[in-house]
Number of protein chains: 2
Amino acid sequence: MNVTTPILRVGLAGLGTVGASVWQRLASQKDLLRQRTGTEIRVDQVAERRAEHARKCGVPEKLLVPDWRGLTDNPELDVIVELIGGTTVAFELISTALQKGKHVITANKALLAERGAELFQLATKHQRHLLFEASVGGGIPIIRALREGLVANRIVSIHGIINGTCNYILTRMNEAGLEFGDALAEAKREGYAEADDRLDVDGHDTAHKAAVLAALAYGFWVPPDKLYTEGLRGLEKQDICYARKLGYGLKLLAIIKADPDGAAEVRVHPTLIPQSHVLASVSGVFNAVLVRGDVVGDTLYYGRGAGGDPTASAVLSDLAQIASHFPQEQKARNVGHEALHSRLKTMDEIVSRYYLRLMVEDKPGVLADVARVLASRQIGISSVIQPEAHAGETTPLVLMLHDAPESQFQAAVQEIAKIGAVKAPPVGLRVEDFN
Amino acid sequence: MNVTTPILRVGLAGLGTVGASVWQRLASQKDLLRQRTGTEIRVDQVAERRAEHARKCGVPEKLLVPDWRGLTDNPELDVIVELIGGTTVAFELISTALQKGKHVITANKALLAERGAELFQLATKHQRHLLFEASVGGGIPIIRALREGLVANRIVSIHGIINGTCNYILTRMNEAGLEFGDALAEAKREGYAEADDRLDVDGHDTAHKAAVLAALAYGFWVPPDKLYTEGLRGLEKQDICYARKLGYGLKLLAIIKADPDGAAEVRVHPTLIPQSHVLASVSGVFNAVLVRGDVVGDTLYYGRGAGGDPTASAVLSDLAQIASHFPQEQKARNVGHEALHSRLKTMDEIVSRYYLRLMVEDKPGVLADVARVLASRQIGISSVIQPEAHAGETTPLVLMLHDAPESQFQAAVQEIAKIGAVKAPPVGLRVEDFN
């Protein structure tokens, strides 16, 4: 390592699911982050009461302090990452850290919704960053999109599916025809819902996130008790069925809008949306946020809204933002100096599934001939469609093939084209399954 | 205005569709951008050969120069925005600007794909920004997402629908059953395809953008002639039909992947994707980019990929990025100081469409009674479903209602609940149509 690489010293508070992922990912992505930010991001201290758990996470004993005050009292630390949750101790921790001149990163939407106004005032007063990419939408960079990508836009509206538990429940009610209680029980079995389900299912978590998005969009904090919040409890599957018949899907949405005259609305409730709308296709635990800007029009951001690693990705992006400008100077980060991968595959090397359409004479043995060519090149067939033949005409024979190298597929196609019963050049298309 | 507000001086090269939008939007969003960046972004000079056209765009004569050298020769300018397109003059303009110590913003993917390596080297040498958010995906902040939001991720793969013309053609072939030629002709009539359709339809524009995304993901520039590129020409609608029967949709994809061993693939071709995948629901001129990171998993970015205003939104975000750090110092921009909107509507004030399910006795006159209550509150009915009655039981009556104020809807529901034939508490759900 270059001895002149500056070091950003981090104090990590809390080793829950997200905290443990942040710890692990700062190790696994260390070189990448140094390369991309020009700074080494190093955890110098970890506050966690459960010493045994910290050991299991691989935190060396010498980094461990039992109390968060160990972090704020440490004059060496540049940034505190608050991942303890709750709104009392976390408030004390963050406000103390800012007062002591440390930058703060948090994923705590409940705290921001409740006391964000105070905390950001404090951050401004002490000229410190208070970053919160992980507070909404897990790994989806929605905060950055609103603050930077869409900085030139007045926000016309935001529609968010921002609670994975609720979206999982609604997806299962819709797809498997479950009633609410059964879908909730399944979500708990699958680990997508907490034992205490109230924060998620009754819409409060969505409301906290809505308050954060509204503050970004319109610059003021909506008190959580003034934010209309309706959750899923009491929903019946029959309403999902009728909605579907009418062309609608049902989602728990956070809705944030403003009139041109300046009046804003922020609300959370189950909402019917057209089945053809892209938000309707967001299923399972995925989150999505649709943002309409006055210049850009509609944009949408989609990804996993919870879980250790996705949330850690967001926390690390905040750390990287501070690291990029650390200690002071702005570093130009241009493209083409990373060369993480330096060899481009030729087309022959790629592996894909394929769709193959042949126009064939309708006579026995054609499929056998084609299958023989494919088999000779180790290309498996996953399905065949042969639409009804028209007498005296050629008929399409459509095959879906298993994974094969492009070179083998192309060679097979050339051979197949020579079969007497194949009457037109074969049509091949590649298939992506996103596995 | 605060007299100490710093001014970022911009030279704008080219007043085509995007250039004209940038000019207009810098005026309409001026106060917003000053508030958000702490800097005034001011166009001091515009290079455009067509003086009459510039006048029509509202550019004052004193700002106009006929030749781009007027911009690079002007020592006062801090940033040049290159929107002239092409790969010869634009290269000269950008390299001259960087050499003269100016930051550069461009939307020119063809130039980046062809000579990006040289240009970024030059930018690094002169320690200047070369920003290009507008080069891929129009107003979608995909460049920022890759560079900042996902900075902690190794990029496993990128799948992009990044040419609106092609996606429009494929959507029409699929939805309206058009053959390729007819869909292309329609796209031209609707203004979604250029008279010279080769750049879009043959996949070259997608390939240029794929090269930019690949450079961000893997740090090296793929020479455009080594990038496998297959466009839409020759596609037949029957293959779209068969693909649909097999559960697939057809999209022109840019595919960028890397093996753990460092070998990368970058290719552009029509591709079958599962109909249930969120990318399959991206229709018409919209763009979407799916990025899989090793920490965050799958994330997706969606929006309008072309057009003056969406592209201007991206150009302005690059200007704002430079302005935020201009002249030198990093300004903390915290939340809650904008107060663009300061009044929160009560729930009674919001206006929505509604779904209403009643459990009613199956006897004549019930619908009339319900309709009378709704009409008395000026709430229109857009459709009614009454599933078959079961003798002796209550039967559901489902209504979709037109826009109404929440207060009126709630009052109507209370009144309806009192109708004798309504046997259970009414179920109301709000509807969003994203209009």
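## Strand pairing and the sheet in chain A

In this predicted model, strand S4 (residues 79-82) of chain A pairs in the parallel sense with strand S5 (residues 103-106) of chain A over 4 bridges, where strands are DSSP runs of E with at least two residues, helices are runs of H or I with at least four, and both are numbered from the N terminus. Two strands count as paired if DSSP finds at least two bridges between them. Within this pair, A:Glu82 stands opposite A:Thr106 in S5(A). Both strands belong to an open sheet of 6 strands with parallel pairing, in the order S3-S2-S1-S4-S5-S6 (chain A). Its edge strands are strand S3 (64-65) and strand S6 (130-131) of chain A, each of which pairs on one side only.

Chain B holds an open sheet of 6 strands in the order S3-S2-S1-S4-S5-S6, with parallel pairing. Strand S3 (64-65) and strand S6 (130-131) of chain B stand at the edges with a single partner strand each, so one side of each is left without a neighbour in the sheet. Strand S4 (residues 79-82) of chain B and strand S5 (residues 103-106) of chain B are joined in the parallel sense by 4 bridges, and B:Ile80 stands opposite B:Val104 in S5(B).

Helix H13 (residues 308-324) of chain B lies across strand S1 (7-13), strand S2 (40-47), S4, S5 and S6 of chain B, running at about 160 degrees to S5(B); axes here are lines fitted to C-alpha atoms, for helices over the stretch in contact, with angles from 0 to 180 degrees between N-to-C directions.

## Domains of chain A

Chain A is divided into domain 1 (7-138 + 311-324), domain 2 (142-305) and domain 3 (347-431), with bounds that come from an automatic or database domain assignment. The centres of domain 1 and domain 2 of chain A, taken over C-alpha atoms, are separated by 27 Å. Their contact takes 13 residues from domain 1 of chain A and 18 residues from domain 2 of chain A, residues being in contact if their C-beta atoms, placed from the backbone, lie within 7 Å. On the side of domain 1 that touches domain 2 in chain A there are 6 nonpolar, 4 polar and 3 charged residues; Ala, Val, Leu, Ile, Met, Phe, Trp, Tyr, Cys and Pro count as nonpolar, Asp, Glu, Lys and Arg as charged, and the others, Gly among them, as polar.

## The interface between the chains

Between the chains, 112 residues of chain B are in contact with 112 residues of chain A. The largest share of the chain B side, 11 residues, comes from strand S10 (residues 263-274) of chain B, and that side as a whole divides into 60 nonpolar, 31 polar and 21 charged residues. Strand S13 (residues 343-344) of chain A runs parallel to S10(B) and is joined to it by 2 bridges, with B:Ala264 in S10(B) as the bridge partner of A:Leu344.

A rotation of 180 degrees with 0.0 Å of shift along its axis superposes chain B on chain A (RMSD 0.0 Å), by least squares on the C-alpha atoms of residues with pLDDT of at least 70 in both. The two copies are thus related as by a two-fold rotation axis. In chain B, the C-alpha nearest the axis is that of B:Tyr301, 2.4 Å from it. Because 100% of the interface residues of chain B are also interface residues in chain A, the copies meet through the same surface.

## Confidence and conventions

For the complex, the predictor gives an ipTM of 0.90 and a pTM of 0.91.

Residues are numbered from 1 along each chain as its sequence is written, while chains are lettered from A and ligands numbered from 1 in the order in which they are written. As this is a predicted model, local features need pLDDT of at least 70 and side-chain atom pairs count only at pLDDT 80 or more, whereas totals for chains, interfaces and linings use all residues.

Definitions and conventions: Contact = placed C-beta atoms within 7 Å.
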